[in-house]
Amino acid sequence: MRTPYIIRIGAQKGGVGKTTIAVNLAVALKLMGYNTLLIDADSTNPSIGFHLGMENANMGTRAFATGKARIKDVVHVHAPTGLHVIPGVVSDKPYVPTAEQSRRFSKELRDSNYQFIIIDTQPGYMKADSMTRADLHLIVTMPNMESCASALRLAAEFDREGAKHSIGVNRIRNRAYELSLSEILEGYSGKVIGEFPEDESVPISIAEHIPSVLLNRRARFSKSAMRLAERIAIGLEPEQGRKTGGFFGWLLRLFQR
Amino acid sequence: MNREKKRKAYCIAVTSLKGGVGKTTISVNLASALSTIGHKVLLVDGSIYNPGIALALGIEDNAEGLRKIMKEGNLKESVISDKRTGLDLLLVDKPMLTVKIAKPNIVRLLDKVKDSYEFVIIDVPHNIPMDMLFRFIDEIMITATPDMPAVAHLPKLYSILRRKRIRSGLIMNAVERRGYDLDYNTIRESTGIDPLGELPRDENVYRCAMDGTPVVLKYRNSPFSVGIYRIAKAVERRQKI
Ligand SMILES: Nc1ncnc2c1ncn2[C@@H]1O[C@H](COP(=O)(O)OP(=O)(O)OP(=O)(O)O)[C@@H](O)[C@H]1O
Ligand SMILES: Nc1ncnc2c1ncn2[C@@H]1O[C@H](COP(=O)(O)OP(=O)(O)O)[C@@H](O)[C@H]1O
Ligand SMILES: [Mg+2]
Ligand SMILES: [Mg+2]
């Protein structure tokens with residue numbers, strides 16, 4: 001796996017949990033010791049700031065993506081974890097960087113020495129989007145018809161572009177009128193790499209401005225987020241001498257401080 | 001001809017700044033409710049990048065709708081009638097990812113449409129440039145859920161709407177009044193906006209989402225349906241002024 005490994009979290013459907021998963025995945029990776037950057041590329045409703053208690057950070061992705069600033073100028077540090085964050089800035093019109101701006105943007109990300117870059121996006125799909133050149137597109141869906149139908153459509157778009165994608169299913173409640181994992185897989189050729197339960201710890205942690213994996217790491221949602229982080233990080237470690245328990249060790253150290 | 005007949009349709013855009021807060025659910029159910037009360041209603045799926053109304057109503061055939069208009073410019077043939085709900089529908093069957101929305105077309109289309117209906121309800125997502133619609137819309141219904149990410153950026157939208165003198169109302173959806181939800185006072189304080197009405201979180205909404213029937217038809221007395229009928233009545237009153 002080359003670094004930085006860029007994961008773009010997306011969905012055509014809104015409110016499925018992109019931001020929640022992006023934030024918790026990034027924090028989990030950071031807690032495991034990886035040098036991680038989280039970017040809020042949602043220009044219509046940037047919300048990473050609320051999740052992390054950084055809503056006042058105001059230099060953002062737009063300045064970076066449109067070439068007005070370099071990464072180092074717009075990075076903010078999430079004090080509790082040291083995670084690097086480029087917050088979003090709300091704008092009237094969604095911005096579409098020019099081809100040249102996109103190229104420079106991608107290049108600066110590629111040349112950076114982060115191990116993981118997690119990009120949260122707004123709902124929808126745009127061809128001209130500067131950030132489609134990710135190593136992995138994580139498509140988030142809920143286990144219902146509307147959002148699965150649009151997740152599969154998005155997957156088909158990515159297939160056409162030859163981009164790698166996986167699905168994360170969020171807000172699973174195991175109701176009879178939900179789609180089951182096997183039903184989702186009937187229509188999907190890729191892998192489901194994350195399964196997240198409906199969990200009250202999520203809205204609580206958003207209200208507290210502390211990501212779930214930090215606020216309550218025993219919560220079921222947190223465990224799913226950590227499992228996803230571990231699954232993703234495995235690709236980065238050499239087969240031999242892989243750290244084991246690094247994540248919990250780190251966490252313990254963090255909470256003992 | 002009586003005055004009622006001559007009046008052009010009252011156009012409502014149902015929109016939000018955040019996705020997944022219930023635009024499609026509210027559009028479909030509000031339109032169905034108005035239709036069952038006896039009004040002539042056209043429901044338009046303006047969510048051209050991620051259409052949802054055809055699925056919400058379980059309609060698979062003849063859902064070409066807006067795409068057909070873009071291709072052939074023929075409005076009459078693009079509108080379909082749904083027996084169950086009594087609605088006329090202008091649908092989108094698959095995402096129009098590559099379509100450039102031609103302004104003059106939409107302008108002409110909406111003007112024509114206004115003559116033949118009492119209400120036009122358009123489901124418009126946040127990623128469609130809204131200013132295009134401002135000329136036709138009598139009211140913008142903004143949908144949000146009672147959490148910070150959904151309401152935080154509303155004041156900005158409201159200041160634009162006020163400047164343009166567009167009537168607007170805020171609907172809080174999926175309200176549960178859990179301890180950590182935002183309450184009305186917090187919303188009023190942090191956004192300066194008075195919520196217009198609220199719809200409760202209702203398990204029957206999920207049930208209906210799976211089988212393509214509006215909640216107001218299948219569960220007439222469910223809390224969500226009761227809320228929708230209340231909004232429908234309010235909309236009826238506003239249409240008259
Ligand atoms: N009051 C409610 N109670 C319970 N579930 C609800 C309620 N309102 C909406 N939902 C559910 O929330 C999900 C999202 O709703 P919907 O598709 O209407 O949102 P949307 O704003 O149209 O989303 P998008 O931005 O993706 O178009 C659906 O699964 C719907 O069934
Ligand atoms: N697993 C979950 N359990 C409970 N609530 C959730 C879960 N995932 C997301 N949510 C809720 O759904 C809302 C929308 O999530 P968000 O991450 O902002 O979606 P998106 O970024 O896709 O628009 C949030 O307010 C959050 O409280
Ligand atoms: Mg988001
Ligand atoms: Mg919708």
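A residue is called buried when its relative accessible area is under 20%, exposed when that area is over 50%, and partly exposed in between. The model to which this is applied here is a predicted one. At a relative accessibility of 30%, A:Ile204 therefore counts as partly exposed. A:Ile204 belongs to helix H8 of chain A, which covers residues 201-208, and together with A:Ile210 and A:Leu215 this residue forms a nonpolar patch on the surface, the three having about 190 Å² of accessible area together.

The sheet of chain A comes next. Here 8 strands form an open sheet in the order E3-E4-E2-E5-E1-E6-E7-E8, with mixed pairing. The edge strands are E3 (76-78) and E8 (191-197) of chain A, each of which pairs on one side only. On average, neighbouring strands of this sheet are turned by 25° against each other, if direction is ignored.

Within that order, strand E1 of chain A (residues 5-10) is mostly covered, since 6 of its 6 residues are buried. In a regular strand, the side chains alternate between the two faces of the sheet. In E1(A), A:Tyr5, A:Ile7 and A:Ile9 lie on one side, while A:Ile6, A:Arg8 and A:Gly10 lie on the other, and all of these residues are buried, which leaves both faces of the strand covered. E1(A) runs parallel to strand E5 of chain A (residues 116-121), to which 5 bridges join it, and A:Tyr5 stands opposite A:Phe116 in E5(A). With strand E6 of chain A (residues 136-141), E1(A) pairs in the parallel sense over 4 bridges, and here A:Ile7 stands opposite A:Leu136.

From E6(A), the parallel pairing continues to E7(A) through 5 bridges, with A:His137 standing opposite A:His165. Strand E7 of chain A (residues 165-172) has 7 of its 8 residues buried, so it is largely enclosed by the rest of the structure. A further 5 bridges join E7(A) to E8(A), again with the two strands running parallel, and the bridge partner of A:Ile167 in E8(A) is A:Val192.

Helix H1 (residues 18-31) lies across E1, E2 (36-41), E4 (83-86), E5, E6, E7 and E8 of chain A, running at about 165° to E5(A). Helix H6 (residues 145-161) lies across E1, E6 and E7 of chain A, running at about 165° to E6(A).

Strand E2 of chain B (residues 41-45) runs parallel to strand E5 of chain B (residues 119-123), joined by 5 bridges, and B:Val41 stands opposite B:Phe119 in E5(B).

In the loop between H8 and E7 of chain B lies B:Lys164, which is partly exposed, with a relative accessible area of 44%.

Key
Residues are numbered from 1 along each chain as its sequence is written. Chains are lettered from A and ligands numbered from 1 in the order in which they are written. This is a predicted model: local features need pLDDT of at least 70, side-chain atom pairs count only at pLDDT 80 or more; totals for chains, interfaces and linings use all residues. Side-chain values use heavy atoms; hydrogens and water are left out. Patches are made of residues with over 30% relative accessible area and no salt bridge: like charges are joined within 9 Å, nonpolar side chains (Val, Leu, Ile, Met, Phe, Trp, Tyr) within 5 Å. Accessible areas come from the Shrake-Rupley method with a 1.4 Å probe; for residues, only the protein chains shown count as cover. A salt bridge is a side-chain nitrogen of Lys or Arg within 4 Å of a carboxyl oxygen of Asp or Glu. Buried means under 20% relative accessible area, exposed over 50%, partly exposed in between (1.4 Å probe, protein chains only). Two strands pair if DSSP finds at least two bridges between them. Axes are lines fitted to C-alpha atoms, for helices over the stretch in contact, and angles run from 0 to 180 degrees between N-to-C directions. Contact means heavy atoms within 4.5 Å.
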